[in-house]
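Here is a short briefing on one protein model. Keep the sequence and the 3D view open while reading.

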Amino acid sequence: MTDETPEMFHARYEDISAIRWPRPADPQQDEPDALKARYLAWNAWWKKTVKAEQEHGPQHDALLVALEDLVEIKRDADEKIRLLLAYGRIFHQPRPHTLESLGAAAGLSPSGVSRAFGAEEVMAVAELTGKRPPAVDVQRYDPDVISGQAGKDRCIWGGSKAKPCTKTPEYAVTDKSGAKWACCDKHLPGYLRSRI
């Protein structure tokens with residue numbers, strides 16, 4: 001792209017902006033908040049583009065940066081969708097959402113919802129929210145069956161990210177998703193409450 005003119009360079013930025021952040025047909029309908037959000041998003045993209053061109057040269061232009069940016073946004077959204085599906089199916093109280101209701105909201109079939117998340121997402125939701133899912137089984141502690149690395153040497157069924165339980169695990173609590181959590185004597189009543 002070394003033979004492009006400054007006009008061509010400017011036109012490409014205008015084209016990409018028009019595709020990514022389309023403006024309403026009537027500029028009078030452009031809300032100040034929407035205008036500000038569009039500007040902030042465009043400015044962030046511009047900074048990424050400048051950085052990419054400095055690191056990779058002009059062949060890594062604004063179009064490539066825009067595509068990479070959208071792929072990153074999509075990847076982040078997909079991850080959050082999986083976490084919200086896990087929350088809705090495993091943690092939601094007083095009862096979980098159905099596979100059908102979650103599927104309708106997420107654009108998935110009921111079986112797609114059940115395959116969209118697993119023990120890793122359930123553990124991540126627990127870490128982010130400080131909540132524990134209802135338990136379905138309890139056994140004597142065995143470090144080889146515990147889902148997360150943290151549970152190999154401490155209780156992860158109780159406590160939170162800010163104040164983790166440091167007690168030695170004595171039980172393995174299994175949740176509805178099949179994830180196994182290390183549990184100490186102090187936090188075993190939480191298992192019993194979730195069974196009532």
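This is a predicted model: local features need pLDDT of at least 70, side-chain atom pairs count only at pLDDT 80 or more; totals for chains, interfaces and linings use all residues.

**Helix α3**
- Helix α3 covers residues 62-91, 30 residues in total.
- From first C-alpha to last, α3 reaches 42 Å, close to the 44 Å expected at 1.5 Å a residue.
- Its buried residues are A62, V65, A66, D69, L83, L85, A86, G88, I90 and F91.
- The cover over these buried residues includes α1 (6-20), α2 (32-56), α4 (99-106), α5 (110-116) and α6 (119-129).

**A buried aspartate**
- D69 sits in helix α3.
- D69 counts as buried because its relative accessibility is 9%, under the 20% cut-off.
- Its side chain makes a polar contact with the side chain of K48, at 2.5 Å.
- Not counting residues up to four places away in sequence, D69 touches R20 and K48.

- β1 and β2 run antiparallel and are joined by 5 bridges.
- β2 (residues 171-175) and β3 pair in the antiparallel sense over 4 bridges.
- V173 in β2 stands opposite V138.
- On the β3 side, the bridge partner of V173 is W181.
- Y171 stands opposite C183 in β3.

**Cover on β2**
- In β2, 5 of 5 residues are buried.
- In a regular strand, side chains alternate between the two faces of the sheet.
- One side of β2 carries Y171, V173 and D175, the other A172 and T174, and all are buried.

**Nonpolar cores**
- The largest nonpolar core has 28 residues.
- Those with the most contacts inside it are L85, F91, F117, V122, W157, W181 and C183.
- The elements that give two or more residues to this core are α3, α5, α6, β2 and β3.
- A second, separate core has 8 residues, including I16, A52, A62 and V65.
- Leaving aside neighbours within four places in sequence, F117 is in contact with R82, L85, A86, R89, I90 and V122.

**Loops and backbone**
- P169 lies in the loop between β1 and β2.
- P169 counts as buried because its relative accessibility is 8%, again under the 20% cut-off.
- Leaving aside neighbours within four places in sequence, P169 is in contact with Y141, G151, D153, R154, C155, A182, C183 and C184.
- P169 and V71 are 98 residues apart along the chain, and their C-alpha atoms are separated by 41 Å.
- Most residues other than glycine have a negative phi, and most peptide bonds are trans.
- The peptide bond from Q93 to P94 is cis, with omega near 10 degrees.
- P94 is in the loop between α3 and α4.
- The hairpin of β2 and β3 has 4 residues between the strands, and G178 there takes a positive phi near 100 degrees.

Methods:
Residues are numbered from 1 along each chain as its sequence is written. Side-chain values use heavy atoms; hydrogens and water are left out. The expected span of a helix is 1.5 Å times one less than its number of residues. Buried means under 20% relative accessible area, exposed over 50%, partly exposed in between (1.4 Å probe, protein chains only). Contact means heavy atoms within 4.5 Å. Two strands pair if DSSP finds at least two bridges between them. A nonpolar core is a set of buried Ala, Val, Leu, Ile, Met, Phe, Trp, Tyr and Cys residues joined through side-chain atoms within 4.5 Å. A polar contact is a pair of N or O atoms within 3.5 Å; within protein, one must be able to donate a hydrogen and the other to accept it, and residues adjacent in sequence count only if both atoms are side-chain atoms.
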